[in-house]
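Hi,

Here is the structure for you to look over. My notes on it follow below.

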Amino acid sequence: MLMVLRTTTSTTLWWLLLPSLLLISSLLLFKKGRRSIISRSSPSSTSSPSPSPTLPLGSLGWPLVGETIEFVSCAYSDRPETFINKRRALYGKVFKSHIFGNPTIVSTDAEVIKFILQSDAKSFVPSYPKSLTELMGKSSILLINGGLQRRIHGLVGAFFKSPHLKAQITRDMEKLVRESMAKWREDEAIFIQDETKNIAFQVLVKALISLDPGEEMELLKKQFQEFILGLMSLPIKLPGTQLYRSLRAKKEMVKLVRKLIRSKREEMNGTTTSIVSKDVIDVLLNDSSNQLTDELIADNMIDMMIPGEDSVPVLMTLAINYLSDCPAALKQLTDKDVSNNNFTPFGGGQRLCPGVDLARLEASIFLHHFVTQFRWVAEEDTIVNFPTVRMKRRMPVWVKRRDQQAL
Ligand code: HEM
């Protein structure tokens, strides 16, 4: 059996697999018109230990470390695609390697990637780094397979597509964007990455657990930042390590979510009909399969906050970074919906991102307000690709309010 890192990556080997990484690599893919996917062979109990004759060309590198050092040093550089380009030139579009302790098959072939994404969950299953699985929890949707994954995916996806939720997201986004932008001054730099994180996180948390801005939200934000730092850390759980701190933060967040679940369960007690779902907790509590335990719901609520701190703000920040470098694109965009782009950084098949519409909606609203209300000059900054995608200096820009009449 082959285990595959289910992602749509580009010329980079971002097997870190958080949606933000998928996003950035997909942006690169968009630019360069190529796709790659990394897969790993699994230690299957039934298969024979001898190497399959169909393994592609490539090198497994050094004992134990394999090609990890070269992979990571390329990832940190400003040409992260070098790792793949070099090997593709030597071995072809699909090649073998050994990264982060595992034999890995890397595909840069669009057809192969499509096949993997569309295939059933029996042939290919996702695989993540150890720190990430520790922090996500064993019942996270990203880590489970089969019927339960499909069930949660379906429930969450349907809720995120509902007109009711889209209207709520639009209202929340408009409010938070206006409030943030009203505070922006023309005599100091605005850090786009911080602003977008603050907005996207609160909007998503509201949709997931109905928490409004306030003291609890601020505490959650702090804990969440600690949590996310551990996702790609050394898998050592000792006091003083990042993973230890991140696990502690997750525990606190789970406590908060479980408190919300308990009070919702009490509200539901005695009623036989399901309540109208206001948030994702309600959606999962209303499920009649009895498979969705409080632990599973709490773990998933925290994990689903990741795109609010990561993928969605990264999308917005990179879009503004791109527009800053490309005035022609900005001219075209001023009053167009950004969701019309035809690149697909949202995966595919059974794992297609259920938050795709939300992400596009949020990014459209932010970008619309930004480009129609401001002119701006961006300070020099660079994209960092590893271990997560971000702007090195948090993208400082100097803004000037546009004359609204002139629009
Ligand atoms: C720019 C923003 C986003 C990008 C680029 C993105 C990308 C992705 C990708 C590529 C996957 C597939 C991972 C795989 O193949 O295993 C995925 C899965 C997922 N995404 Fe997103 N995502 C974004 C925003 C969101 C938002 C706002 C949510 C809302 C909570 C969300 C929730 C999820 C969930 C729950 C899954 C797991 C689906 C499953 O395994 O069944 N994403 N995302």
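**Backbone notes**

Pro387 sits in the loop between strand 7 (383-384) and strand 8 (390-391). Keep in mind that this is a predicted model. The peptide bond joining Phe386 and Pro387 is cis. Its omega is about -5 degrees.

Arg394 lies in the loop between strand 8 and strand 9 (396-401). Phi of Arg394 is positive, near 65 degrees, and the residue is not a glycine. Buried would take 20 or more, and exposed 12 or fewer.

Next, helix 8. This helix covers residues 192-209, which makes 18 residues. At 1.5 Å a residue, the helix should span 26 Å. The C-alpha atoms at its ends are 26 Å apart, so the two values agree. How many of its residues are buried? The count is 16 of the 18, so helix 8 is largely enclosed by the rest of the structure.

Ser210 has a positive phi of about 60 degrees, although it is not a glycine. With 15 C-beta neighbours inside 10 Å, Ser210 counts as partly exposed.

When you open the model, please look at the cis bond between Phe386 and Pro387, then at the positive phi of Arg394 and of Ser210.

Best wishes

Definitions and conventions. Residues numbered from 1 in each chain as written. Predicted model: local features only at pLDDT ≥ 70, side-chain atom pairs only at ≥ 80, totals over all residues. Helix = DSSP H or I, 4+ residues; strand = E, 2+ residues; numbered from the N terminus. Expected span 1.5 Å × (residues − 1).
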